[in-house]
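Subject: Structure handover

Hi there,

Here is the structure I promised to send over.

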Amino acid sequence: MNEQPLFRRLKDYSYTQLEVLAGEIRDTITRVVSSNTGHLASNLGTVELTIALYRVFDPDEDIIIWDTGHQAYTHKLLTGRFGSFGSLRKKGGISGFLNRKESPYDFFGAGHVGTALPAAMGIEQAENIFRNAKNIVVVAGDGALTSGLALEALNQMKDIGSKIKVVVNDNGMSIGKNVGSLSSSLAELRLNPVYREMKGDLKNALETMRLGSLEQFLSKIKSGLKASILGGNIFEDMGLNYVGPVKGHDFQELEAVFSAVKQLPEPFFVHIVTKKGKGLEYAESNPTRFHSVSRIDPENGEKISRNGELTYSEVFGNVLTELAKKDPSISAITAAMPDGTGLAGFAAKHTARFFDLGITEQLCTTFASGMAAAGTKPVFAVYSTFLQRALDQLIHDVALQDLPVLFAIDRAGIVGQDGATHNGIFDISFLSMIPNMQILAPSSLKELANMIFTLFTEKWMDHPTAIRYPRETELQNIDDIVSNLRKMDPFKWEKVIDGKETAILATGSMVSRSREAALLNGCALYNCRSIKPLDKAALGKIFADYDTIVTVEEGIKSGGFGSNVAVEASRQNYNGRIDIIAIEDRFSSHGTREEVLNELGLDARGIENRISKLRGEKNASNYRIR
C-alpha cells in the first residue's frame, strides 16, 4: 500500500477535529456503500469506537482483530485504504470483509462471525512463545457472543492466562434483533442502576488517570458487592474484568477507558454501547433493513431496482407462510437471519412456530432434528455458506437418524460482492456425501414454489432434504406464484430442449444459462432438479441415447453433481464422453454475481463456448471425463 495510514495522525487531532473526521468517514461510507452495495448501518455505528481505539492502541505495534467485516469499514479507512475505498466490493477492488492478503492490518481474515476471539487466543499464545509482548484487542459485536465458537473461547481464557482485551460493540443487534439470555444480560447491564453508579466511580478514576484508583475500582467490582448485581456478572465469572457500559459515541469516555485498560496486564471485557446506523436518520430508524444494502439513493435510502423484481428468498418465505396457515405442524427456524432468508412474514403470522436461535447454525440443525423426531415439519432456512458450520450435526443428528428436516439453502452458488467467504459453492459436495440426504435445485421461482408446495401437501418427506437456490431475481408477481401452486415430482428430471448426440445436464440456476448453448449446438437440455438422488431412469436413457454428456452446476467440481453422474456412468458402463462444467479447485474473487460467473465460465456465453469447443474436438467417442 502506498497510502500512509490515517491512524498515525489521530493523536494530533483535537476532539473537535475528531468529530469532523467522524462526519467525513460516515459520509464516505454512506456514499460508497449506496453505490457499491455493502454493510451500512453496522459500520456507521462503529466510527467513534474505531477512531478512539486507534488513538490508544497502535496498529503498527498492537494486534487488533475484528470479528466479521460488518463493522470494520472505518478500520479500512484508517489503515491506508481511504484512497481505494471507492473500489469496495468491486471486481479487482478491496474486499467488503477483512482479508490478510489485502492489508497487514487485517491480521486475521473475518467473514463469518465468532472467529476473532478464538483466533486471538491462538495468536496470543504464539506471541508468548516468541516472547513478543504485544497488546491484543478483539472487537466483536454483541451478536457474535451468541456463537458457540466465541463462547467456547470465553470459557477458556482464564485457564490459559489470557490478557486479551475484548471490546464488545453492543448495539442490541446482529443483523436483526439479538435474542437469547446473553443478549438479555447485556441489556440488563446497560440499564442496571447499580452498575450505572459504579460506572460513575470508574469515570472518576479515569478522569484522574490514577492507576491506584482504577485498581481500587476493579477490586470493588470483584468484591462481594457484585454478587448483589443481577446475581453476578457472567463475564467476571469467566475471569474477565468487566468495564462498562461505555458510551460508544463519546470520544473522551472511549479514549479514557481504552487508555486505562491498556495499562493493566489483565483480561478485560469492555462493554461499549453504540447506535446501529448512527448519523444517518433512515439507517438509525430501521437498522435491520439497512444492515446490508443493494444500490440505494444515499439521500433517502430508497432501493434502486427494477419494479417487479422478486427474489428466491421472498418466494420461499411467502409460500411457506401460506402453507403454514393450513398445516399447524410446519415450523421455521433461522440463525439470526429472519429478514435475509425471507422468514420475517412467517415470524409475524406464525409467532409460536418461528424460532430465531441467534448465530448458532449447529444448534439450529440439532434443534430441527429434535422437532422432526417429535413429529413436526421443521424447516431450517440458512445461507449455504453458514450451513458449512453445522456439518457434524447434519451427519450425526439429522442424517444418521434419517430425520425429515427440510433445509432451505439460500445464497447457494456465487453471491457476488460478498466474495469468497460468502459464496455457497460447497453444499452440493458436502451434502452429497451424506447418506440419506436428498438435494433439490429449482431452475426458477415457480419451480421453487411448486417444490415446497409438493413436499408439504403430498406425503411428507421420508428423508432429510435440502433445497438450494441462488441469490437471483426474476420479474414475477408473488401473488401470481402463490395463487397458482402446482404439484410436481421434484425427483424427476425434465427434458427442456430436444437434441442429438450431446445432452446437457444442468442444475438450478444453470438451466437457463445453458439454453443458448443447447439451441446453438443442437444439444438436448435436461433440468436436473434432483441432484441427489439422481434420476437413474432418465440417466439410463440418456446413456443409451447420447454419446456425449455435459454436466453444468454452480458449485465446486470435486464431489459435485457432475462427479456423481460420472460415478453412475461408470457403474452403468457408459462408453461416451463426460465433460463437467463446474467451479474448479479455487476460491473466487468478489465482484457482481454475473462478473464472477463470467470469470468462472458459468455464464451463458462461457457455457456456450465450452460446449462449442467440445463439439469441435476430434476423437470424442472414447469415454473420458474432463
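This is a predicted model: local features need pLDDT of at least 70, side-chain atom pairs count only at pLDDT 80 or more; totals for chains, interfaces and linings use all residues.

Residues are numbered from 1 along each chain as its sequence is written, and side-chain values use heavy atoms, with hydrogens and water left out.

Let's start with the rings. The structure holds 13 aromatic pairs; rings of Phe, Tyr and Trp (its six-membered ring) pair if their centres lie within 6.5 Å, and planes under 30 degrees apart count as stacked, over 60 as edge-to-face and the rest as tilted. Tyr-242 and Phe-269 are stacked, because their ring centres are 6.0 Å apart and their planes are at 20 degrees. Since Tyr-242 lies in strand 5 (residues 241-247) and Phe-269 in strand 6 (residues 268-273), this pair ties together parts that are 27 residues apart in sequence. Strands here are DSSP runs (E, at least two residues), numbered from the N terminus. Tyr-242 counts as buried at 1% relative accessibility, and so does Phe-269 at 0%; buried means under 20% relative accessible area (1.4 Å probe, protein chains only).

Elsewhere, Phe-7, Tyr-54 and Tyr-105 form one aromatic cluster. The charged end of Lys-262 sits over the ring of Phe-57, 5.4 Å from its centre (NZ of Lys or CZ of Arg within 6 Å of the ring centre and within 35 degrees of the ring normal).

As for disulfides (pairs of cysteine sulfur atoms within 2.5 Å), a search of the whole structure finds zero. Cys-523 is buried, at 0% relative accessibility, and Cys-528 is buried at 0% too.

Best wishes

How values were computed:
Helices (H or I, at least four residues) and strands (E, at least two) are DSSP runs, numbered from the N terminus. Buried means under 20% relative accessible area, exposed over 50%, partly exposed in between (1.4 Å probe, protein chains only).
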